[in-house]
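Subject: Structure handover

Hi,

Here is the structure I promised you. Please open it alongside this email.

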Amino acid sequence: MHRIIVLDDIAQEGLDLLDAADGVEYEIRKKLPVDELRTALTQFDGAILRSGAKLTAEVLAGNKRLKAIVRAGVGTDNIDKAAATRQGIVVMNTPAGNTVSTAEHAFALMLALSRNIAPANQSLIEGRWDRKKYMGTQLAGKTLGIVGMGRIGREVASRAMAFDMTVIAYDPFLSDDQAAKLGLQRAATIEDLLPQIDYLTVHTPLTDETRGLIGKDCLAKLKPGVRVINAARGGIYDVDALVEGLNSGQIGGVALDVYEQEPCTDSPLFGMPGVVCTPHLGASTEEAQTQVAVEGVHLLLNFLQTGEIKHAVNVAALDPKTLEEMRGFMDVAHRLGLLLSQWHGGGVDTVKLTFRGEITGKNTKLLTNAFCVGLLERALGEEINIINAEMMLRDRGIELCEESHHEMSAFASSISADVAGGGRTVTAGGTLLGHNMPRLVVLDGHRLESYLDGNLLVFSHQDVPGIIGRVGTIFGEHNVNIAQMAVGRSGGEPGGSAIGVLNLDGLPAQAALDAVSAVSEITMACVVQLPPVGQLPSWLQ
Ligand SMILES: NC(=O)c1ccc[n+]([C@@H]2O[C@H](COP(=O)([O-])OP(=O)(O)OC[C@H]3O[C@@H](n4cnc5c(N)ncnc54)[C@H](O)[C@@H]3O)[C@@H](O)[C@H]2O)c1
Ligand SMILES: O=C(O)[C@H](O)COP(=O)(O)O
């Protein structure tokens, strides 16, 4: 049974989907204090929320059960994504469901500012007929500056052009070609845009880079009387600078839907002339809420039931078809990681992964993540999965590099991994035979063909007659059956170094290992434990 926690109000249509889902139960738990939220989250596999609940590192800490967080909406600044990634939790959002509603709201704020809708309404309620006082301005013929030309910025732009406004936009990802196609002007920097506009609206996410993006210096570059709008996130404008600009007349009006701290019922801007504010209503339409709730619930159910990862903001996407295609090679990568963690013995500083052949045309990040899980899982246990593995590796100061070569080696596709540290470098190469037969094809430069399956004895030795017989005799004496055997020699010539890999039916006793290690021609021997073939970790099933 998958358990889901609903942390904010979501549309009934989303709850109906949860009611109808097989093998799922859910609880609605809103506005929980931090301690209760932390405890509650440990009892659920998935969480769905809007902008109300705050999923900080503190509330996610130590959670071993939660696997997915879905934001029914766009902004994920209320979720500590680094903390979620570290905990192995996938974070997904519904990027497009509220785009049009939010663009319309930004536009409504711009119109409300231009035509003094809020104060005019208030004066009527208070019994005055102030036609002269509320003289407005027309949008047609004016210039709108847009900072952030993603989904919402583009919808605002098209509406502005329909109102006969000129649009100048700044976004680091907006090219001249795209701007021309959209029928607007591109500004090379925010500073270029500011002196040319009559209205300014921001549509960026709140990030370290955009916090305080529009401060005193920027506002000073505006023409006097410019009206500014924020339906993106509180914190992008500097509120003190807005207050100062309104008082000095540098700013002609401020419209806000979002605030640095929410809920916000107290701001120096509230009640100032020329200010119109709404309580984070950009996405509050029936249409937007239905779309984000339905899409959000689908994302969560699909992830919990099939492993599909869509619209993730902290990991690569993974759809069922890709998972099906990649499962065999992800299994190989995971087994190579497990093998090398045991064969190397610890103190790893660097990892290099090389992908060759047809597999390079697929999402090799999945193979990297699967390898990293294998490499770390004996140390970190169930805490590690394909969401957090690479971050956990890098957190431990281990350097990771990946290379892809389209040319095939001896196999249509292969993966090789070099693991180095503490003065020792080990290398293993693997491939997949058929759909589900993982094979080790190179170990420390020795070509061989060995089953990546169950308990292995790996031993390096001098390539002289009698070694295999002596190892076989030792295991016979200790009642350990050898199921398969592979030997590879370096350079293909007799007399050099060689490596043997035995697949054992059981784990050998320490005395058997000691006896093997005592053979003078054997330079190193180690038991490597892998899952039996066909036994997949939960994140690969
Ligand atoms: N008021 C609301 O209810 C409401 C509703 C939806 C979204 N939002 C907010 O609006 C934001 C934008 O949503 P979207 O769907 O358009 O996102 P989006 O990802 O489609 O677009 C964001 C754009 O901002 C640009 N950007 C990032 N940093 C920038 C910078 N420093 N300068 C200029 N541009 C920069 C990006 O390149 C991107 O094109 C969301 O992150 C969310 O916080 C608010
Ligand atoms: O980022 C968003 O999607 C909006 O800010 C909407 O937030 P809400 O879901 O709390 O209305």
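Predicted model: local features only at pLDDT ≥ 70, side-chain atom pairs only at ≥ 80, totals over all residues.

The protein chain has a mean pLDDT of 94. In that chain, 99% of residues reach 70 or more. For the complex, the predictor gives an ipTM of 0.99 and a pTM of 0.84.

Now the domains. The protein chain is divided into three pieces: domain 1 (2-97 + 286-306), domain 2 (99-277) and domain 3 (320-535). Domain 1 is written as two segments, 2-97 and 286-306.

Take domain 1 and domain 3 next. Their C-alpha centres are 38 Å apart. The two domains do touch: eight residues of domain 1 are in contact with eight residues of domain 3. On the domain 1 side of that contact, four residues are polar, two are nonpolar and two are charged.

Then the ligand. Where does ligand 1 lie relative to domain 1 and domain 2? Ligand 1 lies between them, because both domains give residues to its shell.

There are 32 residues around ligand 1. Those that come nearest are G75, G150, I152, P205 and G282. By type, the shell divides into 15 nonpolar, 12 polar and five charged residues.

α5 (99-114) and α7 (151-162) each supply at least two residues of the shell around ligand 1. Which element gives the most to that shell? The answer is α7, with three residues.

Best wishes

Definitions and conventions: Residues numbered from 1 in each chain as written. Chains lettered and ligands numbered in written order. pLDDT = per-residue confidence, 0-100. Domains from an automatic or database assignment. Contact = placed C-beta atoms within 7 Å. Nonpolar A, V, L, I, M, F, W, Y, C, P; charged D, E, K, R; others polar. Near = placed C-beta within 6 Å. Helix = DSSP H or I, 4+ residues; strand = E, 2+ residues; numbered from the N terminus.
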